[in-house]
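Thanks for making the time this morning.

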Amino acid sequence: AATKRFTDQRNTMGYLQTGQVTCHDATGRGIDCAGSGQDGEYRRGMPWPGLRFELDGETIMYRLTCLVWCLNANLAEIPLTWQEALDYVAQMNRNLVMGYSDWRVPNRRELRSLISHQTKRPALPEDQPFTNIFNGWYWSSTTASISSSHAWYVNMDGGRMFYGGKDQSFMVWPVREHGNGVLPVTGQTRCYTGTGDVIACAGTGQDGEFSHGCSWSSSRFQALREEVIDRLTKLCWRRTADLSGPVTWVQALTAVARLNQQSDNSPGWRLPNINELESLVDCGMHSPALASEHPFAAVQDVYWSSTTSLYEPDWAWALYLDKGAVGVGQKTQETFYVLTVRG
C-alpha cells in the first residue's frame with residue numbers, strides 16, 4: 001500500500017522538491033522558517049524517498065526518478081565538446097558498457113533532477129554515493145532554442161543551469177532509464193548540428209530524438225479569468241505574470257503576503273520555489289521559453305523564486321524565462337519580477 005501511495009503521488013506531479021529545509025534573510029543569515037513564505041517553509045514538490053539511491057555494481061538508480069546513472073560521474077575522464085559527448089555515449093552503447101546499450105546523454109531536466117538546493121560543492125544530496133564528481137559543468141542533450149549553436153549544461157558546484165557553445169568542452173554523465181519516469185519532457189522536438197542547423201533526429205542521441213519523460217498535450221494550460229491551471233503539475237498560477245514590477249527578494253515575499261491578505265476568496269498564494277518555476281519551461285521555445293499556447297499575460301524576463309542559493313545565501317534562485325535558464329540574483333537587487341503560485 002505504501003508503494004502504491006508513492007506511485008500515485010509521483011503520477012500527479014511534474015516537479016521534485018528542491019531539498020531546501022532552511023530559511024534565510026536578505027543578508028544570508030539563517031532564520032526561523034515559520035511565516036517566512038520561503039521554500040524551506042513549504043517544501044513543495046515530489047518528496048525525496050528515504051532511500052534515494054540504489055547501488056547496483058557500477059550503476060546507481062535514483063528511486064524517485066527511476067533514472068540509472070553511472071556510479072563514476074567522470075567516466076570519460078576528460079572534458080568533451082557537445083558532439084564528442086554524444087559520440088562517447090554512442091560508443092558506450094556499441095561496447096555494451098556495464099551490459100547496457102541504452103545509455104544516453106541526459107536531457108537538461110534529468111541532469112538537473114540530481115541537484116539539491118541545500119548543499120554545495122557538489123550541489124547533490126548529502127547521502128549521494130557517486131564517485132569522481134567534477135564540481136563544474138556537465139553537458140545535457142538539450143539544445144538551447146534561443147541560440148541553437150549552444151546546449152544546456154548544469155553546474156554541479158552550485159546547481160546553476162545555463163547554456164554554452166557546443167564547441168566548448170565540458171563533462172558528460174551518462175544515464176539510462178529503468179521503468180516509468182516522473183519528470184516531464186523538456187518540450188524539445190528538433191535536433192541540431194554543432195553549429196545550430198536543424199537536422200533529422202534519428203541516430204543523433206539528442207533530446208529531440210528521445211523526448212524522454214512524461215508528455216504534455218496542447219491543452220496543458222487551462223485559462224481561467226485570473227488564474228492558469230497547469231494540468232501537468234496541478235499548480236495554479238496567477239494569470240497576470242507581474243504582481244508588483246521589479247522588486248527585491250524580500251519585497252517579492254512581502255508582495256505575495258499582501259496579495260493573500262487581499263484575496264478573501266482565494267488565499268494561499270506563494271512565491272514559487274525554483275523547481276516549480278522551471279517546470280513551466282518549454283525547451284522548444286524562447287522569448288519567452290513557454291509553450292506557444294500559454295495564456296499568461298504581462299510575461300517578464302526574470303522571476304524570483306522562494307529558494308535561497310546555499311552557495312551564497314544572500315542570493316536567491318531565479319528563472320530567466322526569456323532563455324529558460326536557472327540562475328541567481330542578489331536578494332537586495334530591485335530587478336526581478338513576481339509570478340505567484342498555489343497548489
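In the hairpin of β16 and β17, where four residues lie between the strands, G324 takes a positive phi near 95°. Before I go further, please keep in mind that this is a predicted model, in which local features need pLDDT of at least 70 and side-chain atom pairs count only at pLDDT 80 or more, while totals for chains, interfaces and linings use all residues. Residues are numbered from 1 along each chain as its sequence is written, and side-chain values use heavy atoms, with hydrogens and water left out.

Strands here are DSSP runs of E of at least two residues, and helices are runs of H or I of at least four, both numbered from the N terminus; two strands pair if DSSP finds at least two bridges between them. On that basis β16 (residues 315–320) and β17 (residues 325–330) pair in the antiparallel sense over six bridges, and W315 has Q330 of β17 as its bridge partner. Strand β16 is mostly covered, since five of its six residues are buried, where buried means under 20% relative accessible area, exposed means over 50%, and partly exposed lies in between, computed with a 1.4 Å probe on protein chains only.

Let me turn to an open sheet of four strands, which has the order β3-β4-β5-β9 with antiparallel pairing. Strands β3 (53–56) and β9 (175–177) stand at the edges, each with a single partner strand, so one side of each is left without a neighbour in the sheet. Four bridges join β3 to β4 (residues 59–62), and D56 stands opposite T59 in β4.

Now to the charges. Side chains of opposite charge can pair when their charged atoms come close. A salt bridge here is a side-chain nitrogen of Lys or Arg within 4 Å of a carboxyl oxygen of Asp or Glu, and by this rule the count comes to 12. What does R176 form a salt bridge with? The partner is D102, with the closest N and O atoms 2.7 Å apart. R176 lies in strand β9 and D102 in the loop between α3 (82–94) and α4, so the pair ties together parts that are 74 residues apart in sequence. R176 is buried, at 9% relative accessible area, whereas D102 is partly exposed, at 35%.

The side chains of R104 and E177 also meet in a salt bridge, at 4.0 Å from N to O. Here R104 is in the loop between α3 and α4 and E177 is in β9, so this pair ties together parts that are 73 residues apart in sequence. R104 counts as buried at 5% relative accessibility, E177 is partly exposed at 22%, and a network of salt bridges links R104, E110 and E177.

Finally, is L114 buried or exposed? This leucine, in the loop between α4 (108–112) and β6 (137–143), counts as buried at 2% relative accessibility. Leaving aside neighbours within four places in sequence, L114 is in contact (heavy atoms within 4.5 Å) with several residues, including Y62, W69, F130 and W173.
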